[in-house]
Amino acid sequence: MLTATVLSCNSPKTSPAIPADKAVEAKVESVLSKMTLEEKAGQLVQLNISTLEDETHEAIDPAKLDKIIGEYKVGSILNVMHDAAHSREHTAAMVRQIQEKSMEAIGIPCIYGLDMIHGASYINEGSLYPQEINLGATFNRRFARQMGAAMAYETRAAQVPWVFSPVMDLGRDPRWPRIWESFGEDPYLQAEMAREETLALQGSDPNHIDLEHVAVSIKHFMGYGVPASGKDRTPAYIAENDLREKFFAPFLECFRAGALTAMVNSASINGIPTHANALLLTGWVKEQLGWDGMLVTDWADIDNLYVRDHVAADKKEAVAMGINAGIDMIMDPYDPECCTAIIELVKEGRISEERLDDAVRRVLRLKVRLGLFDHPLWEEHAYPRFAAPEYARESYEAALESEVLLKNNGILPLPEHKKIFVTGPNANSLRALNGGWSYRWQGAADEYVPQYNTIVEALKARFPYVTYEPGVVYDEAPMAWEKEDATGIAKAVAAARGADVIVACVGENSYCETPGNMDDLNLSAGQKKLVRELSALGKPIVLVLNEGRPRLIGDIEPLAAAVVDVMLPSNYGADALAALLSGDENFSGKLPFTYSKHINALHTYDYKVSEHRETMEGSYNYDAVMDVQWPFGFGLSYTTFAYSNLQVSASEFKEGDVLEVSVDVTNTGKRAGKEAVLLYSSDLVASLIPDVKRLRGFDKVALEPGETKCVRFELPASALAFVGADGRWRLEAGDFRISCGGLGVMVRCTETKVWDTPNR
């Protein structure tokens with residue numbers, strides 16, 4: 001239970017996360033002063049486009065438009081028709097029709113939002129980038145910036161000014177089906193990449209967003225990614241200090257970077273549904289940060305307060321509970337009667353006029369900042385860089401730097417003359433390479449973009465001797481992602497007999513959200529059987545993992561001569577893989593998560609020191625070995641790197657100091673390569689059991705053979721603080737170890753500092 005004594009809504013405020021703009025506020029107040037109660041209620045509701053569709057599901061029904069916009073005065077619409085990507089022209093025409101009606105009927109622009117997760121993923125011709133989990137694996141902020149900029153530009157080109165992105169849920173439980181939507185398990189990595197994407201999407205001035213940028217909805221606030229059951233949208237139980245120190249960190253970084261909206265976690269934390277958690281929504285975000293942006297629910301989650309969570313008796317009570325907790329816009333996708341409920345609740349005094357006006361101000365402020373009052377519509381053809389070659393190049397380069405070489409006994413790179421046999425259910429699937437939120441909710445790339453290469457197609461384009469037999473095939477029904485047919489294994493084994501090397505492409509088909517729930521993290525039985533029977537041929541196997549989360553492969557990994565995890569590299573991922581397997585390019589990706597080995601030993605890299613014993617010291621002699629398949633930050637290359645000369649600018653420090661850390665990195669091999677340089681800290685003694693280590697910095701450097709570069713980091717002393725048992729940030733006097741590339745330097749904090757404010 002979150003305790004008000006530790007985490008008070010009345011905690012001291014900081015400077016506003018987004019500085020107020022007088023002109024923006026004047027416009028908001030001018031519009032608000034003229035609005036009726038019905039118009040105010042409508043602004044707080046967002047409906048799915050299905051409420052406006054005609055019987056073809058391809059066009060808007062004018063009568064429904066009159067009802068939803070004219071009668072109910074709904075202020076926002078989301079999603080795509082018939083759960084399918086459309087052309088830019090179709091999307092723009094649809095939004096234009098809605099916007100014209102909104103301006104005519106109420107004089108307030110409608111705001112349209114789309115789930116653009118890894119590029120303009122709901123526009124047919126839009127540019128897709130690797131999923132966020134891949135961008136995390138690059139440890140290269142440049143790709144988050146590039147994806148954000150392209151996503152903003154191409155989404156605006158379709159008349160849409162708002163995207164539900166980036167995702168910054170910490171992917172700390174590999175069972176959770178949305179791991180791949182995040183940048184990984186680490187708070188610092190997540191915060192850095194999400195901030196860069198946010199700035200690229202919105203631009204440098206959140207009060208004045210131009211026609212090449214969009215508003216973000218950072219999500220899902222917060223603690224969504226660690227459900228106790230591992231299943232989507234189920235309860236999480238998170239220690240208060242971890243919630244503040246780790247799970248809040250990426251959101252805090254993006255609020256401070258100017259994020260205009262945030263979407264709320266669908267589930268609950270410590271028994272409190274997040275949509276009803278006034279302490280988090282109003283206290284942590286609006287009061288403590290002085291944030292004047294807008295909080296929007298996730299899909300139908302106000303209903304869940306009474307249908308699922310049983311903290312409200314009915315719909316009206318749920319609406320009151322959510323709005324009073326701090327919700328500003330209700331994504332009630334099917335029912336405009338939510339507007340009626342708000343009106344009744346205000347008249348009954350169950351929602352105060354003050355809270356109503358505060359929520360409406362936040363919605364209007366978003367629309368003013370986006371320029372929608374001045375430009376409710378714009379010229380969608382004035383976007384010459386739509387689907388530009390530069391975006392394709394960036395997507396390919398991101399895929400190259402994200403695919404991770406996990407094992408190589410010398411079989412890679414593959415020689416040109418080798419006879420290559422390709423198999424597995426992921427070998428000939430663009431859907432699997434893209435993952436969910438790709439043209440359709442559950443992913444359906446093959447039918448939309450046949451011009452891109454699957455893995456087998458890319459390998460055939462690169463190597464002269466490639467044959468293919470799937471062995472195992474997926475059921476391609478959207479909700480049957482885990483079903484497969486393994487009756488072709490014998491045929492695949494027979495076809496592999498004439499090959500020199502086998503490339504087995506295994507993993508998962510695309511899925512998203514609750515349909516991706518599963519009961520066994522092990523790779524499917526059919527795929528494991530395929531690998532085992534192929535291994536009996538005695539030929540080297542290159543295991544290619546194409547998956548949204550680390551499926552357990554500990555029993556078949558020894559059968560492989562090499563292992564590559566491509567995760568979800570999107571439309572150019574197969575071309576990148578072919579270039580990497582051939583040696584035309586070099587691997588540089590590193591795991592942004594811990595790859596677990598055992599179903600009952602799911603760890604993160606920043607475990608508590610008490611969870612692992614390297615010796616038999618202590619009162620109990622038990623086995624607590626961190627036995628993982630591959631650790632966070634692991635990744636091989638075709639060259640080798642050596643670290644030396646790790647230096648810290650001071651051996652002693654105190655709060656307010658900034659430690660300057662430098663390390664020399666040398667390419668000691670014979671090939672050019674890129675190295676992700678990861679900086680860690682370890683607090684050796686603390687008032688709470690410390691984490692074994694924490695990521696504090698990262699950079700990516702390119703090195704020619706024999707070349708050395710000095711990599712420098714600035715490490716604020718405050719970054720070494722943690723949240724104590726009393727809920728307050730504290731930097732404690734004592735020893736710390738700063739480590740990088742296997743090297744370590746000891747430094748000492750000379751005095752203890754405890755923060756009175758809730759955030760450092």
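**Exercise 1. Helix contact**

Which residues of H6 meet which residues of H7 in this predicted model?

Solution.
- On the H6 side, the contact is made by Arg141, Ala144, Arg145, Met147, Gly148, Ala149, Met151 and Ala152.
- On the H7 side, the partners are Tyr188, Glu192, Met193, Arg195, Glu196, Glu197, Ala200 and Leu201.
- Sorted by type, the residues of this H6–H7 contact give nine nonpolar, six charged and one polar.
- Now the geometry. H6 spans residues 141–156 and H7 spans residues 187–202. Their axes come within 7 Å and cross at roughly 35°.
- The crossing of H6 and H7 is right-handed.

**Exercise 2. Cysteines**

How many disulfides does the model hold? Work through cysteine 110 and cysteine 339.

Solution.
- A disulfide is a covalent bond between the sulfur atoms of two cysteines.
- The cut-off for the pair of sulfur atoms is within 2.5 Å.
- Take cysteine 110. The closest cysteine sulfur belongs to cysteine 339 and is 12 Å away, too far for a bond.
- Take cysteine 339. The closest cysteine sulfur is in cysteine 338, at 6.2 Å, again too far for a bond.
- The count is zero disulfides.
- Check burial as well. Cysteine 110 is buried, at 4% relative accessible area. Cysteine 339 is buried too, at 2%.

**Exercise 3. Strand E11**

Which strand is joined to E11 by bridges, and why is E11 described as largely enclosed?

Solution.
- E11 covers residues 404–408. Four of these five residues are buried, so the strand is largely enclosed by the rest of the structure.
- Four bridges join E11 to E18, residues 562–565, and the two strands run antiparallel.
- Within this pairing, asparagine 408 has alanine 562 of E18 as its bridge partner.

Notes
Residues numbered from 1 in each chain as written. Predicted model: local features only at pLDDT ≥ 70, side-chain atom pairs only at ≥ 80, totals over all residues. Heavy atoms only, no water. Buried < 20%, exposed > 50% of the residue type's maximum accessible area, 1.4 Å probe, protein only. Pairing = 2+ DSSP bridges. Axes fitted to C-alpha atoms, helices over the stretch in contact; angles between N-to-C directions. Left-handed = near helix turned anticlockwise from the far one by under 90°. Contact = heavy atoms within 4.5 Å. Nonpolar A, V, L, I, M, F, W, Y, C, P; charged D, E, K, R; others polar.
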